[in-house]
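This report goes through a structure topic by topic. Please keep the sequence and the 3D view open while reading.

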Amino acid sequence: MAHGTTHEHDVIIIGGGGAGLRASIAIAEENPDFSVACVSKVYPMRSHTVTAEGGAAAKIKPNDSLEDHIYDTISGADWLADQDAVEYFVNEAPSEMIQLEHWGCPWSREPDGSVAVRPFGGMKIERTWFAADKTGFHMLHSLFQTTLKYGNIVRYDEHFATRLLIDGNGRCRGCAAIELRTGSVRAILGKAVIICTGGAGRVFPFTTNGSIKTGDGMAMAYRAGVALKDMEFIQYHPTGLPGTGILITEASRGEGGILVNKDGYRYLQDYELGEALDVSDPRHPQKRAMELGPRDRLSQCFIKEKWAGRTIETKDGHVVHLDLRHLGEAKIDKKIPFVRELSRNYAGIDPVYKPIPVRPVVHYVMGGIDVDSNSATSVPGLYAAGECACVSINGANRLGSNSLTELLVFGAQAGRHAARFAMDNPDYDVSELEAQAEDEGARIRRAWFDTSRRNGERIVTLRTELHDAMENGAGIYRNADSLQSACETVADLRARYRSVTLDDHTNSFNTELTAALELGSLIDVAEAMAHSAIERTESRGSHQRLDHTERNDDDFLAHSMAYHRPDGSPPRIEYKPVTITKWPPGARTYGAGSGLKGEDR
Amino acid sequence: MSTELTMTLEVFRYHPETDHEPRFQAYEVPYDEDWVVLDALNWIKDHVDGSLTHRWSCRMGVCGSCGMMVNGDPKLTCAVFLKDYYPRPIKVEPLVNFPVERDLVVSLDGFMDKLEAVKPYIIRDDVNDTSGGEYLQSPAELAQYKQYSMCINCMLCYAACPVAGHEDEFLGPAALALGHRYNKDSRDQGQAERLDVMLVGEAIWGCTFVGECTVVCPKHVDPAGAIQQAKAVGAQEFFKRFVAPKGAGV
């Protein structure tokens with residue numbers, strides 16, 4: 001890779017999705033003299049925030065309360081969330097959502113002009129703001145378009161960050177990034193850095209996540225010595241389209257859709273999720289019950305139905321049916337038109353007339369880069385926000401519609417704290433950082449452009465093996481054997497990764513090179529996931545062990561912390577206590593009356 | 001699925017470091033009736049030729065990355081199926097009316113400048129303050145601009161537009177529809193500022209109302225309609241500003 005030019009700014013943001021753009025605006029608005037760099041491997045409007053459908057939670061209506069949002073989040077997280085962080089998140093959520101409304105987000109409205117809300121899974125009261133069923137798309141575009149107002153936000157579109165640059169005092173001062181157009185490696189320097197690179201669903205074969213979600217930021221932080229926290233917690237969304245993994249939003253159930261097995265039976269009633277009210281009952285859909293139970297539970301119920309032989313076999317695997325027909329065409333077209341469009345285009349099903357085949361699909365990584373309640377990592381000057389980060393408000397299972405709000409609340413917070421760090425720590429040595437970036441270019445060139453190495457393994461071979469190992473070993477239900485096998489395969493892939501060869505040794509827009517670097521990220525992230533999962537010998541939220549089926553608060557009311565070892569040996573796993581303030585761990589109950597009052601509160 | 005069947009993709013190739021001019025390369029791909037054209041391109045890149053270069057991400061028609069010419073028509077390659085063309089070969093080319101960076105990747109530079117030019121954000125005189133709650137907007141007011149807010153910036157409309165290809169000053173369908181979206185938003189007060197940009201030269205007047213932009217839009221936005229509406233507003237404004245003398249009471 002040719003050595004590119006050096007660029008200096010005040011704060012560097014890696015990632016141009018919801019969190020990165022919100023952070024950019026927070027800094028640009030409050031510090032007009034600052035220059036903010038937004039470095040992204042894609043143009044910001046391509047970021048994966050764009051695909052989020054159902055909505056974003058924040059208390060706005062008088063029948064709701066901050067307390068209820070906090071309780072739903074903590075119980076949804078199976079008490080693995082840090083309660084101080086959840087309180088901050090819930091308290092900040094309404095003003096952040098109103099801010100986005102002021103920036104033009106086209107929220108769906110009530111007849112009186114106020115924003116409309118809908119119920120989502122695991123929620124006592126409806127509090128999900130939505131823009132039909134393209135909420136993430138509208139949020140992302142509103143944020144991106146708003147950034148265009150600020151002359152002090154400098155975008156580095158299609159720049160693939162590969163390494164954090166850390167100065168002699170241990171402070172993070174920028175990144176090395178490949179400018180895709182030319183292939184040159186640039187040093188993009190600043191006084192503080194925020195990672196907002198999203199999740200890593202592409203570790204798994206069957207995922208709602210777009211191709212770009214390869215955990216690059218998580219891997220970069222991990223290699224720089226920051227712990228990856230709670231990586232064993234991976235959310236399967238219960239309703240993905242078979243074959244493609246395209247998401248059918250939870251809003252379809254919030255609007256009244258039901259899940260039935262091959263006998264047309266609403267099987268969720270058999271799994272302590274409440275009573276199956278008739279769809280014509282005015283109390284349907286009941287909150288925190290049945291189809292509006294939490295995602296982890298619903299995905300687990302699917303597997304149990306499959307084991308019982310009550311799912312439907314198709315060429316794309318087993319499915320159940322999501323039936324929306326009773327909603328009628330008018331409501332479907334008004335509230336969830338994208339569901340209809342996606343079902344027609346990708347499943348050949350019009351949900352007005354036929355039930356949609358669905359199966360659980362990897363959707364979200366609850367874990368991520370360990371940050372404190374100020375979005376700061378253990379490396380001074382390095383912050384993280386959004387799906388790549390783990391504060392944690394999501395614990396062992398994220399509530400639907402908290403993640404979009406999280407982008408705003410913690411994107412803004414990370415921006416403000418990074419700006420303060422930049423003001424307090426302005427001086428660094430450019431030459432030492434440039435030297436690191438030059439090293440990085442040389443490393444990439446040696447690893448991937450050595451034309452004397454030929455006929456090594458292809459990227460796709462390793463990626464497919466990784467997918468199989470993670471799906472078979474670290475899926476919805478795991479045990480020691482399956483996880484051990486996943487750990488061994490990941491270690492084997494790490495060794496073989498060095499012998500992968502490329503067809504393409506040219507500079508301009510070398511997407512085979514970026515795919516190889518992404519594969520490296522996936523292997524790092526998978527390693528942290530599998531090893532964190534094997535060490536947690538309990539079942540909690542999305543982490544279900546067939547050999548340790550109970551929650552064990554005595555030993556595991558704690559965040560796992562996976563530390564990378566540079567010699568390639570397995571990560572070191574440590575634990576950090578969960579912050580419990582006012583909500584002691586209780587039984588996690590759903591169904592009629594759950595979460596209202598009672599012994600678990 | 002019948003993996004023994006195959007079909008041919010003829011793919012536009014151009015590498016700025018090694019090619020003087022573009023060429024076409026034919027690839028034999030497995031025929032799967034569930035596959036979209038993008039799946040076939042990804043299969044080629046993974047298994048046959050890692051140097052084939054294209055953009056993609058969401059593969060569900062909303063990120064806007066994978067627009068290309070498919071048998072001469074601008075399409076999202078994640079939304080057109082092999083079965084729509086089988087058994088005839090499929091010709092895949094980069095979007096026309098854009099400079100080619102490499103293979104199927106085009107430059108977005110000009111497009112991004114045009115988006116930015118229309119000031120696509122809420123402009124208001126008052127101070128930004130969230131303590132008073134949301135701005136009220138009735139469903140009818142939302143409906144005034146909603147469809148124009150659905151653009152995914154996939155640029156198919158620029159590839160379909162006969163003007164965008166040769167008139168640099170023309171802001172083009174997506175950017176003009178976006179400007180119009182904010183002009184029609186009841187929360188916005190920035191129409192005058194946007195018209196300062198839109199009424200210059202050929203920025204909007206370049207449109208000859210062929211309407212192909214609306215035809216090809218995968219998200220059912222109607223940029224042609226937006227441009228016509230904006231031209232009508234612009235004509236009044238143009239008359240006020242430049243034709244009618246000051247103080248003429250128009």
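What pLDDT does chain A average?

## Confidence

The model is predicted. Chain A averages a pLDDT of 96, and 98% of its residues score at least 70. In residues 597-601 of chain A the pLDDT is below 50. Leaving aside near neighbours in sequence, this stretch makes 4 contacts in the model.

## Domains of chain A

The domain assignment divides chain A into three parts. Domain 1 is made of the segments 3-55, 132-235 and 364-437, domain 2 covers 240-361, and domain 3 covers 453-556.

Domain 1 and domain 2 of chain A have centres, taken over C-alpha atoms, that are separated by 34 Å. The contact between these two domains involves 13 residues of domain 1 and 17 residues of domain 2. On the domain 1 side, the touching residues are 3 nonpolar, 7 polar and 3 charged.

## A sheet in chain A

Chain A has an open sheet of 3 strands in the order 4-6-5, with antiparallel pairing. Strands of a sheet pair through backbone hydrogen bonds, either parallel or antiparallel. Strand 4 (56-57) and strand 5 (117-118) of chain A are the edge strands, each pairing on one side only.

Strand 5 of chain A is joined to strand 6 (residues 128-129) by 2 bridges, and the two run antiparallel. In strand 6, A:Trp129 is the bridge partner of A:Val117.

## Contact between chains A and B

Chain A gives 45 residues to the contact, and chain B gives 44 residues. On the chain A side, the elements giving two or more residues are helix 3 (83-102), helix 4 (135-147), helix 9 (337-347) and helix 14 (511-535). Helix 3 of chain A supplies the largest share, 5 residues.

By residue type, the side of chain A that touches chain B holds 17 nonpolar, 19 polar and 9 charged residues.

## Helix 5 of chain B

Why is helix 5 (residues 173-183) of chain B described as largely enclosed by the rest of the structure? The reason is burial: 11 of its 11 residues are buried, so the helix is largely enclosed. A residue is buried if 20 or more other C-beta atoms lie within 10 Å of its own. Among the buried residues of helix 5 are B:Pro173, B:Leu176, B:Gly179, B:His180, B:Arg181 and B:Tyr182.

What covers the buried residues of helix 5 of chain B includes several other helices of chain B. These include helix 2 (109-117), helix 3 (139-145), helix 4 (156-160), helix 6 (191-198), helix 7 (212-216) and helix 8 (223-243).

Terms used
Residues are numbered from 1 along each chain as its sequence is written. Chains are lettered from A and ligands numbered from 1 in the order in which they are written. This is a predicted model: local features need pLDDT of at least 70, side-chain atom pairs count only at pLDDT 80 or more; totals for chains, interfaces and linings use all residues. A residue is buried if 20 or more other C-beta atoms lie within 10 Å of its own, exposed if 12 or fewer, and partly exposed in between; C-beta atoms are placed from the backbone. Helices (H or I, at least four residues) and strands (E, at least two) are DSSP runs, numbered from the N terminus. Two residues are in contact if their C-beta atoms, placed from the backbone, lie within 7 Å. Domain bounds come from an automatic or database domain assignment. Ala, Val, Leu, Ile, Met, Phe, Trp, Tyr, Cys and Pro count as nonpolar, Asp, Glu, Lys and Arg as charged, and the others, Gly among them, as polar. pLDDT is the predictor's confidence in each residue, from 0 to 100. Two strands pair if DSSP finds at least two bridges between them.
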